[in-house]
Amino acid sequence: MADIPLKMGLEVQNGAQSMAIFKLSDTEVYAIGNICPHRQGPLADGMVTGKAVICPLHSWQISLLNGEPLLENAGKAGVPTYETIIEAGKLYVMVD
Ligand code: FES
């Protein structure tokens with residue numbers, strides 16, 4: 001956990017699956033799909049605002065809570081989310 005940057009995205013590859021990890025605090029970490037649903041921008045490179053990430057390509061905001069686009073893009077296709085568990089200072093991301 002200590003090596004995960006605070007309020008910045010961290011790209012993690014799990015086979016063909018690309019995830020973006022966001023640590024908002026030592027007790028609050030979110031994992032979502034890294035590929036923006038708009039035009040495949042890398043969400044891990046985006047800026048965090050509240051509990052959302054701003055895609056670096058065209059500024060869609062994607063919720064870290066449910067992977068859904070926000071604001072004017074609400075209702076459009078989102079990205080997957082993954083359960084995270086913090087235990088003994090380690091982060092576990094639950095994947096299928
Ligand atoms: S690719 Fe993410 S907003 Fe366009």
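1. In this predicted model, a hairpin connects strand 2 to strand 3 through 2 residues. The two strands, with strand 3 spanning residues 28-33, run antiparallel and pair over 6 bridges. Within this pairing, K23 faces V29 of strand 3.

2. Strand 2 also pairs with strand 1 (residues 9-14), again in the antiparallel sense and over 6 bridges. Here V12 is placed opposite M19 of strand 2. Strands 1 and 2 form a hairpin with 2 residues between them, and G15 in the turn adopts a positive phi of about 65°. Strand 2 itself (residues 17-25) is mostly covered, with 7 of its 9 residues buried.

3. The salt bridges number 2. One of them joins D26 to K23, with 3.7 Å between the closest N and O atoms; this falls under the criterion because the limit is 4 Å.

4. K51 belongs to the loop between strand 4 (47-49) and strand 5 (52-54) and E28 to strand 3, so the pair ties together parts 23 residues apart in sequence. K51 is partly exposed, with a relative accessible area of 36%, and E28 is likewise classed as partly exposed, at 22%.

5. On annotation, an unreviewed UniProt entry assigns the feature "domain: Rieske" to residues 1-93. Over residues 1-93 the chain is 43% strand and 0% helix, and its end C-alpha atoms lie 12 Å apart.

Technical notes. Residues numbered from 1 in each chain as written. Predicted model: local features only at pLDDT ≥ 70, side-chain atom pairs only at ≥ 80, totals over all residues. Heavy atoms only, no water. Buried < 20%, exposed > 50% of the residue type's maximum accessible area, 1.4 Å probe, protein only. Helix = DSSP H or I, 4+ residues; strand = E, 2+ residues; numbered from the N terminus. Pairing = 2+ DSSP bridges. UniProt positions renumbered as here; feature names shortened; annotations may be inferred. Salt bridge = Lys/Arg side-chain N within 4 Å of Asp/Glu carboxyl O.
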